[in-house]
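My entries follow in the order in which I looked things up.

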Amino acid sequence: MSEENVEIVRRIYEEGLIDRDPKRFVYDFAAPDIEYVNPPEAVDPGIRSGRAEVNLALRRARQTSASYRHELHELFDLGDTVVAAVSRHTGPPSSNKIQEEAHTWTLRDGKVLRFERGPNLEAALEAAGLSE
């Protein structure tokens, strides 16, 4: 199942679902009781639960900048958990701001149960049970 989880997460990034189509993400890829965790330093910090709240939070994040997208660099397979090393690009191309992030995805039966953003890849990997 872990390879399938990695492919699900890869597809979410490749199709730009958290950036451009959060509604499709929450209804096609997430469990009804999904949790989205935004870190304390985020513009809109906290935990959102359920498809409607997660959809709204992801739409709000997208609206914070004229341009908003995530670039996937690497996926780490930890079974039911997949950690993604990503860059978040915000702003117009002329003044593009890039922030490195770690996204931790928890899946069960092919559906996302939890999506957590964080600023530190090493901390995310350690929390998920893998030390580099």
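Entry 1, strand pairing. I began with Thr81 and found Thr106 of strand 5 opposite Thr81. The model is predicted, so I keep in mind that local features need pLDDT of at least 70. Next I looked up the strands themselves: strand 4 covers residues 81-90, strand 5 covers residues 97-108, and the two pair in the antiparallel sense over ten bridges. Further along this pairing, I noted Ala85 opposite Ala102 of strand 5.

Strand 3 and strand 4 make a hairpin with two residues between them, and in the turn Gly79 has a positive phi of about 80 degrees.

On strand 5 I checked the pairing with strand 6. Strand 6 spans residues 111-118 and runs antiparallel to strand 5, with seven bridges joining them. I found Ala102 opposite Gly118 of strand 6. These two strands also form a hairpin with two residues between them, where Asp109 in the turn has a positive phi of about 55 degrees.

Entry 2, burial of strand 4. How many residues of strand 4 are buried? I counted ten of the ten, so the strand is largely enclosed by the rest of the structure. In a regular strand the side chains alternate between the two faces of the sheet. I therefore listed the two sides separately, with buried taken as under 20% relative accessible area. One side holds Thr81, Val83, Ala85, Ser87 and His89, the other holds Val82, Ala84, Val86, Arg88 and Thr90, and all are buried, which leaves both faces covered.

Nonpolar side chains tend to be buried together in soluble globular proteins. I looked for such groups here. The largest nonpolar core has 24 residues, and those with the most contacts inside it are Ile12, Tyr13, Ile18, Phe25, Trp105, Val112 and Phe115. Two or more residues come from each of helix 1 (2-14), helix 2 (17-20), helix 3 (22-29), strand 1, helix 4 (51-62), strand 4, strand 5 and strand 6. Helix 1 gives the most, five residues.

Which residues is Trp105 in contact with, leaving aside its neighbours within four places in sequence? I listed Val9, Ile12, Tyr13, Ile18, Phe25, Asp80, Thr81, Val82, Ala84, Val112, Arg114 and Phe115. Apart from this core I found another one of six residues, including Phe76, Val83, Ala85 and Ala102.

I noted a space of about 380 Å³ in the largest pocket. It is lined by 21 residues, and the closest to its centre are Ala42, Val43, Arg88, Gln99 and Arg117. Strand 1, helix 4, strand 4, strand 5 and strand 6 each supply at least two residues of this lining. The largest share is from strand 5, with four residues. By class I recorded eight nonpolar, six polar and seven charged residues in the lining of the largest pocket.

I found 14 residues in its lining, with Thr104, Glu116, Ala123, Ala124 and Ala127 nearest its centre. Strand 5, strand 6 and helix 5 (121-127) are the elements that give two or more residues to the lining. Strand 6 gives the most, four residues. The lining of the second largest pocket divides into six nonpolar, five polar and three charged residues.

Is Glu41 buried or exposed? I found Glu41 in the loop between strand 1 (30-38) and strand 2 (46-49). Its relative accessible area is 52%, so Glu41 is exposed.

Pro92 is partly exposed, because its relative accessible area is 37%. Pro92 and Ser65 are 27 residues apart along the chain, and their C-alpha atoms are separated by 8.2 Å.

Technical notes
Residues numbered from 1 in each chain as written. Heavy atoms only, no water. Pairing = 2+ DSSP bridges. Buried < 20%, exposed > 50% of the residue type's maximum accessible area, 1.4 Å probe, protein only. Core = buried A, V, L, I, M, F, W, Y, C linked by side-chain atoms within 4.5 Å. Contact = heavy atoms within 4.5 Å. 1 Å grid on protein atoms, 1.4 Å probe; cavity = no way out; pocket = protein on both sides within 12 Å on 5 of 7 lines; lining within 4 Å. Points joined across faces, edges and corners; volume = space filled by probe spheres on them. Nonpolar A, V, L, I, M, F, W, Y, C, P; charged D, E, K, R; others polar.
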